[in-house]
Amino acid sequence: MSVSEKHASTAANPSASNKQAPESTEKTHFGFQQVDKSAKASMVAEVFQSVAAKYDIMNDVMSLGIHRLWKRFTIDCSGARAGHKVLDLAGGTGDLTAKFSRIVGESGEVVLADINDAMLRVGRDKLRDKGIVSNVKYVQANAEALPFPDNSFDIITIAFGLRNVTDKDKALASMYRVLKPGGRLLVLEFSKPTSEVLNKVYDAYSFHLLPKIGELVAKDGDSYKYLAESIRMHPEQDVLKDMMQGAGFEQVTYHNLTGGIVALHRGFKF
Amino acid sequence: MLVGQLLSAGIELALNQLLQLDPDCQGRLKKLSGKQLQVSVNELPWSLLFTFSGQIDVSALERNEEQAAMESSADCHITLGLGTLSDLKDSSKISQLIQQGKLDLAGDINVAQGFSNLMKELDIDWEEQLSKYTGDVVAHQTFSSVKSFFTSAQQEIDKLAAQFSTHLTQPEAVAVKPVEVDDFCEQVNVLRSASDRLEARIDQLIASQQDDQ
Ligand SMILES: C[S@@+](CC[C@H](N)C(=O)[O-])C[C@H]1O[C@@H](n2cnc3c(N)ncnc32)[C@H](O)[C@@H]1O
């Protein structure tokens, strides 16, 4: 089946394939491929192991720098302030962590957690170069089983991370558990463009151009093909909203950014 | 959407670049470290939140109830109209503006004054900055030309302003006398020739630089 046919079939029945539940319990998707659930994490790991060094520059190239504005919007909606404890989950190279660290100040703390040590290492070096050390902790962790006590954080962000997680419901439940009552979760993730025209342009961009740019800049077309496919397999706006509510989050809302290419979901724990 | 983020990103970049140009400002910045100042301009749909650490981070907060919680977290919150913004340059005027009802301030006034002083006392060696791009000699020459232009321009502007304010305070003198018009034209001419001189000087510098290459 070609890439676009697969996409069409997903689009026709989004909740079935996107929620993963009706599929067999042993299989999940890796981009558009079906793989064993137990294998996905290591395949995702391989992707990020391979892109880690070029990750930041590729972000700028692929999004024309707009990812910086999406991330700013996330922080502006976070309500972060001095003294807060923030978890930047799937934080990778630490873009959000850097800003959070300055906002929460000496009396607060930011935990940069990622499943991948190569990404964590790039993040740690980058933040150190920026002089950010004292209030940041680095933890290698899987979002599905967070190694923190209940009610630990005022804010949790997961930016462009949730779609890589094998069991998203499990991950959302884990985030809910470690969030303090009154705290909020922000999920920044690729989503479904709201207009058909934009959708087509975006498809052409991500399935044809993006892997080529990936090949050119990072010498790694396959990883960027995975990224494009994983974006399409990610639950669209309303499905993710339901999933968050299912995990216990309240007052869940989302903002479409750049025509819905990206959406920021926000939910509270009370 | 995202316009606020673009705006705040631009302001943040500009502020931090300015701060980097003045090595002595770190001390003043340190005094503000850990503080937050929120500025709401009535005409704009966002409030700007300035967070001080080793640098300044700027957030754009949309004005809705959800962000109200965050608003209260700032150490100092200023609300004002667009027209009053430029008056903030002078921190000694802040209490005056409050009395006049042009500015509303909640929280710690020292944070607002600290920020105002930080910006006002920026002492940037523009000549040195320019020399990074052009080389020392050209930078020095350009710089002294520009400086003398601004000095003479400022003198003329001061004179005009002084005259203008006398007119305002003396209602009977609202009609302009011919001699004053002559005087005004003369000053405009002085200003014009100063700017002509500057232009010629810059042309000359560009030409000499091209010759060098
Ligand atoms: C696209 S990057 C995003 C990095 C960063 N948040 C940003 O926005 O630039 C996705 C990150 O998710 C991490 N990741 C993937 N699966 C994860 C999991 N199950 N738990 C924690 N992190 C995971 C990857 O290692 C990678 O660093």
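1. Basis. This is a predicted model, in which local features need pLDDT of at least 70 and side-chain atom pairs count only at pLDDT 80 or more, while totals for chains, interfaces and linings use all residues. Residues are numbered from 1 along each chain as its sequence is written, chains are lettered from A and ligands numbered from 1 in the order in which they are written, and side-chain values use heavy atoms, with hydrogens and water left out.

2. Interface extent. Chain B puts 22 residues in contact with 17 residues of chain A; contact means heavy atoms within 4.5 Å. The two chains bury about 1,700 Å² between them, 54% of it on carbon and sulfur atoms. Buried area is the accessible area (1.4 Å probe) that two parts lose on being put together, summed over both.

3. Four salt bridges cross between chain B and chain A. Eight residue pairs are in polar contact between these chains, both residues at pLDDT 80 or more. A polar contact is a pair of N or O atoms within 3.5 Å; within protein, one must be able to donate a hydrogen and the other to accept it, and residues adjacent in sequence count only if both atoms are side-chain atoms.

4. The chain B side. α1 (3-21), β3 (56-62) and α3 (65-71) of chain B each supply at least two residues of the side that touches chain A. The largest share, six residues, comes from β3(B). Helices (H or I, at least four residues) and strands (E, at least two) are DSSP runs, numbered from the N terminus. The residues of this side divide into nine nonpolar, nine polar and four charged. Ala, Val, Leu, Ile, Met, Phe, Trp, Tyr, Cys and Pro count as nonpolar, Asp, Glu, Lys and Arg as charged, and the others, Gly among them, as polar.

5. B:Glu12. This residue forms a salt bridge with A:Arg72, the closest N and O atoms being 2.7 Å apart. B:Glu12 also forms one with A:Lys99, again with 2.7 Å between the closest N and O atoms. B:Glu12 lies in helix α1 of chain B and A:Lys99 in helix α6 of chain A, so the pair joins two chains. B:Glu12 is buried at 10% relative accessibility, and A:Lys99 is buried at 7%. Buried means under 20% relative accessible area, exposed over 50%, partly exposed in between (1.4 Å probe, protein chains only).

6. Helix α7 of chain A. A:Lys126 forms a salt bridge with A:Asp56, with 2.9 Å between the closest N and O atoms. A:Lys126 lies in helix α7 and A:Asp56 in helix α4 (residues 55-63), both of chain A, so the pair ties together parts 70 residues apart in sequence. A:Lys126 counts as buried at 18% relative accessibility; A:Asp56 counts as partly exposed at 21%. A:Arg121 and A:Asp117 also meet in a salt bridge (3.0 Å, N to O). Both lie in α7, four residues apart, about one turn of the helix.

7. Core. The largest nonpolar core has 31 residues, and A:Trp70 and A:Val262 are among those with the most contacts inside it. Such a core is a set of buried Ala, Val, Leu, Ile, Met, Phe, Trp, Tyr and Cys residues joined through side-chain atoms within 4.5 Å. Its largest share, five residues, comes from α6(A).

Conventions:
A salt bridge is a side-chain nitrogen of Lys or Arg within 4 Å of a carboxyl oxygen of Asp or Glu.
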